Amino acid sequence: MEKLEYKIAKGLLDIQAVKLSPDKPFLWASGLHSPIYCDNRKALSYPDFRKTICEAMIEVINADFKDIDVIAGVATGAIAYGAIVAEMMGKPFVYIRSKAKDHGMGNQVEGVLRGGERVLVIEDLISTGKSSLAAVDALLKCSVHVVGMVAIFSYNFDRSRRAFENADVELHTLSNYDTLVDVALDSGYIKDSDVQMLRDWRYDPDKWSKDHE
């Protein structure tokens, strides 16, 4: 898996999906400030890398998850990846909204679920894990069995790891923050002087965020 993690991280850097801005930190929806931002949606515009990501997801699914009935994508970033993986695997596809619609049928999960299916969730990025696990909860309300989740990238926060463990959701990611920092240093995208700052943020994002508001 280490070789794949490095390959995906390098691909994200090559397409400039990763931005570094310690002096003007990015503000996340969660309220955290971050010196680094990873936009996996950019990969959708690069057919070769997009294919690499989807094939890698299928490899992980075939190796670690058995008897999948349905692929589910988390809105909005993972809808396209989930749909492509489902197409390549010949599986039905659904997607999960961040919240139920306030009109029409009021659905949060779009697509057909009859109950009892074994569902594999596709996500683009794991930060705190809150929104990803909320998507899992929405699926469970449809009386299905969520076998696990495959994501492109994780920031490797301790809180997200604990959240997935507590929710008993098996998570596999193609790459992660620690590998990204190593690849960025090897490629000259960041300097040695940046590494400690980036690691300080990863180990205690709340403190770093508060110090850089």
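Contact here means heavy atoms within 4.5 Å. The model is predicted.

**Exercise 1. Describe the overall build of the chain, and decide how compact it is.**

Step 1. Take the secondary structure. The chain holds eight helices and ten strands.
Step 2. Compare sizes. The radius of gyration is 17 Å, close to the 17 Å that the globule rule gives for 213 residues, so the chain is as compact as a globular protein of that length.
Step 3. Along the principal axes, the C-alpha atoms fill a box of roughly 55 × 35 × 30 Å.
Step 4. Turn to burial and surface. Of the 213 residues, 47% count as buried. The chain exposes about 11100 Å², and carbon and sulfur atoms supply 47% of that area.
Step 5. Check the sequence range of the contacts. Among contacts between residues at least 6 apart in sequence, 65% join residues at least 24 apart.
Step 6. The mean positions of the 26 positive and 32 negative charges are 4 Å apart.

**Exercise 2. Find the buried residues of helix 4 and name elements that cover them.**

Step 1. Locate the helix. Helix 4 spans residues 130–140.
Step 2. List its buried residues. They are Ser 132, Leu 133, Ala 135, Val 136, Ala 138 and Leu 139.
Step 3. Look for the cover. It includes strand 5 (70–74), strand 6 (93–96), strand 7 (109–110), strand 8 (118–126) and strand 9 (145–154). Helix 5 (158–167) is also part of the cover.
Step 4. Beyond four places in sequence, Leu 139 touches Ala 72, Val 94, Ile 96, Val 109, Leu 113, Val 119, Val 121, Val 144 and Val 146.
Step 5. The largest nonpolar core has 70 residues, and Leu 139 and Tyr 155 have the most contacts inside it. Helix 2 (residues 47–64) gives this core its largest share, eight residues.

**Exercise 3. Classify Val 119, Lys 19 and Gly 188 as buried, partly exposed or exposed.**

Step 1. Start with Val 119, in strand 8. Buried means under 20% relative accessible area. Val 119 has 0%, so it counts as buried.
Step 2. List its partners. Outside four places in sequence, Val 119 contacts Val 70, Ala 72, Leu 113, Leu 139, Val 144, His 145, Val 146, Val 147 and Gly 148.
Step 3. Move to Lys 19, in strand 1 (residues 18–20). Its relative accessible area is 34%, so Lys 19 is partly exposed. Its contacts beyond four places are Phe 26, Pro 35, Ile 36, Tyr 37, Lys 42 and Tyr 189.
Step 4. Finish with Gly 188, in the loop between helix 6 (177–187) and helix 7 (192–203). Exposed means over 50%. Gly 188 reaches 54%, so it is exposed.
Step 5. Gly 188 and Ala 100 are 88 residues apart in sequence and 44 Å apart in space, C-alpha to C-alpha.

**Exercise 4. Inspect the backbone at Thr 76, Gln 16 and Asp 67.**

Step 1. Read omega. The peptide bond from Ala 75 to Thr 76 is cis, with omega near -5°. Thr 76 sits in the loop between strand 5 and helix 3 (79–89).
Step 2. Read phi at Gln 16. The value is positive, about 60°, although Gln 16 is not a glycine. This residue lies in the loop between helix 1 (2–14) and strand 1.
Step 3. Read phi at Asp 67. This non-glycine residue also has a positive value, near 55°. Asp 67 is in the loop between helix 2 and strand 5. At 62% relative accessibility, Asp 67 counts as exposed.

Technical notes. Residues are numbered from 1 along each chain as its sequence is written. This is a predicted model: local features need pLDDT of at least 70, side-chain atom pairs count only at pLDDT 80 or more; totals for chains, interfaces and linings use all residues. Side-chain values use heavy atoms; hydrogens and water are left out. Helices (H or I, at least four residues) and strands (E, at least two) are DSSP runs, numbered from the N terminus. The radius of gyration is taken over C-alpha atoms; the globule rule is 2.2 Å times the number of residues to the power 0.38. Buried means under 20% relative accessible area, exposed over 50%, partly exposed in between (1.4 Å probe, protein chains only). Accessible areas come from the Shrake-Rupley method with a 1.4 Å probe; for residues, only the protein chains shown count as cover. Lys and Arg count as positive and Asp and Glu as negative; His and the chain ends are not counted. The place of a charge is taken as NZ of Lys, CZ of Arg, CG of Asp or CD of Glu. A nonpolar core is a set of buried Ala, Val, Leu, Ile, Met, Phe, Trp, Tyr and Cys residues joined through side-chain atoms within 4.5 Å.
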